[in-house]
Amino acid sequence: MSQAVEYECIGEIAVLAANNPPVNALGVDVRRGLLAGIERAESEGAKAVLIYGKGRTFFAGADIREFGKPPLEPFLPSLCNRIEASPLLVVAALHGTALGGGLEVALSCHYRIAVPSAKVGLPEVKLGIIPGAGGTQRLPRITGVEAALDVITTGRQVQADEALELGVVDKVEDGEPRDVGLAYVRELLDMDAPRRAVGELPVPDPVDFDSVYDSVLKKGRGQLSPAVAVRAVQACCEAESFADGMARERELFQDLLVSDQSKGLRHAFAAERTVGKLPELKDVDPRMVHQIGVIGGGTMGAGIATAALLSGLPVVLLEMSNEAAIAAKERIAGNLAGAVKRGKLSTEDHDDILENKLELATGYGALSGVDLVIEAVFEDMAVKKQVFTQLDEVCKKGAVLATNTSYLDVNEIAAMTSRPEDVIGLHFFSPAHVMKLLEIVVADKTAPDVVATGFALGQRLRKVSVRAGVCDGFIGNRILNTYRACADHMVLDGASPYQIDKALTDFGFAMGPFAVSDLAGLDIGWAGRKRRRAEGMDPRARDSSYADKLCEDGHFGQKTGKGYYIYEKGKRGGVPNPDVMPLIEADCAAQGITPRDFSDEEIVRRYMTAMVNEAARVVGEGIARRPLDVDVTLLYGYGFPRYRGGPLKWADLQGLAGVLSDIRNWSEEDDYFWQPAPLLEQLVAEGRTFEDLNKAG
Ligand code: T1G
């Protein structure tokens, strides 16, 4: 009997304890252990079997690391059928997160008990697949079709009390899973409870599956798995037999398992768990952080302070005047009120934070005792240098001095202090208390324990932290500049901003580049263009003036009600601004450009290829450690569609040779913008992929 499942006999009850840390994933050893356990219990005359998980959770699903490898017996669907068919009474005791194949094993048992903190769910759609071991056939028989469709197409985790209401679990009892499980089995044996095979329960009433399919597909914005799951549940109602329904589920599951969408989502799952693991930080302890300082109470500063306060960290917020400090407190109070509204914060905690955890200050002296300071003042180098000169004077020895700059040279800022080893970039994304991404910008002299402190803070603030080197725009904004420029080039060559936005939202982006510019504020792009022109642009670089004209007329997007789109108060989204196309036509005419038609495919291909090419440079220069760091950055900070895995995963799935040949073709029309990244050329020459670099770590 493999150690992945331990066997013991308590009287007439055989106990199978899964022991496969960290999350009792149903890898082959666990599956073999369960099968052997059931067979042994039957052969040794047990009356009942209890299955539970040791450690932090019941089975959290199939072992994702086995996907894409040759499957090994016993397969999970047949194991579940075998458990269900056992003549013994089989009971599951759930704690932690009983997810995916884990819940499917539990549903194949005859009874289920859970501890109050347990959660159950079938999150397979989040991996681009569907439940593949009976979840779409057994769950509807217990909960009815509507509830099953909700759980399966959303992939959400269901708390124990709701699971009891739905009938997914039969009892909720507090205690150790083994103990409450044993007590429940004895109770069932004492009352001579019958075996209950869920697969033998009556077929539930159907719903209008076609309209459910259409609405789920629409909601998925191109992701297929939730909609395919509807067809699997439909089979539960329409198949001749339970076995036929299982077969249909498996068919749909296998198709999705080999799909690019599932490869993209599984990559995203693994990448977001790997991005925080840096070999150079192994055995490096972060510095202790018990209180932080935030300089600047504008949108970013207030958001950063809110994120820290919500994580339980006391904050000293420094502003230049009392009025500004009070305004900052109001912004923070607004953010916190939003958290109360979303049920993320109690009113008591809300009040406690504002009364006891947030300290306002107008003098740098107030920062002398904090462990870490984050500067979020106006994005101007001279102002930053002034702030860090002051911080160097007042902050205690060992304090971490962080800048929230989104572009500026962190080395230059660090050089303003006598302790550049304590300086780091912590680049939050707006709104900072909502957006998950945190770029941790490591300057040339930043000490390893300061980097470790940045990651520890990121974890405490529930951020997804990505290490970035110093360059103009670090990882995310640098790549954004390039694919955004590509969009401008296509506009100059004849594609309308509205066609481009539509093509990219159809591709899966939450918003197209021009709608994003309106959201962020056209004045930011304008300032950037002016800065680049002032610094002197390469004469071969293409430039456009149509957006400048919009800004000169005071149209900065959503915040002024007009930009590329016109925004009516209270209405979601905007309608195209009729003034824009004439500005573009005038710009083209002035540059002697003859506009041409673009297909949506070509728009997406050029936009994505520009993104990939710049990303390859960012990895090639070591600004990003691994390709997965870029993917996580774009997924969490730039609305990249998760089911495509990120730009470099997308490139691998497309085939790098094809991506490179496109760049070479397009360089014939513009050899300045379309210069292949050396890393991309190298990978193609060596027949390797970005995933190979991820694996190399
Ligand atoms: N397989 C393998 N490893 C897994 C895993 C899994 N299913 N789930 C988690 N891990 C690893 C993870 O990579 C990390 O490793 C460590 O466990 C801790 O995870 C037929 C086919 C369970 C809620 O989708 O949602 O069943 O980084 O950092 O925040 O229908 O992990 O330490 O090396 O995330 O506390 C369905 C996926 C599979 C659940 C815990 N199940 N996991 O969250 O810790 S498909 C899922 C999670 C399936 C069947 C189909 C979460 C968690 P490392 P963590 P956490």
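A residue is called buried here when its relative accessible area is under 20%, exposed when it is over 50%, and partly exposed in between (1.4 Å probe, protein chains only). The model is predicted, and local features need pLDDT of at least 70, side-chain atom pairs count only at pLDDT 80 or more, while totals for chains, interfaces and linings use all residues. Residues are numbered from 1 along each chain as its sequence is written, and side-chain values use heavy atoms, with hydrogens and water left out.

A salt bridge, taken as a side-chain nitrogen of Lys or Arg within 4 Å of a carboxyl oxygen of Asp or Glu, occurs 50 times by this rule. Three of these pairs are listed below.

| Pair | N to O distance |
|---|---|
| Arg-196 and Asp-170 | 3.0 Å |
| Arg-484 and Asp-488 | 2.9 Å |
| Arg-617 and Glu-614 | 2.8 Å |

Helices (H or I, at least four residues) and strands (E, at least two) are DSSP runs, numbered from the N terminus. Arg-196 lies in the loop between helix H7 (177-190) and helix H8 (209-219), and Asp-170 in the loop between helix H6 (160-166) and strand S9 (171-172), so this pair ties together parts that are 26 residues apart in sequence. Arg-196 is partly exposed at 31% relative accessible area, and Asp-170 is likewise partly exposed at 27%.

Arg-484 and Asp-488, by contrast, both sit in helix H18 (residues 476-492), 4 residues apart, about one turn of the helix; Arg-484 is buried at 14%, and Asp-488 is buried at 15%.

Arg-617 and Glu-614 share helix H24, 3 residues apart, and Glu-614 is buried at 8% relative accessibility. Both belong to a salt-bridge network that links Arg-478, Glu-614, Arg-617 and Glu-621.
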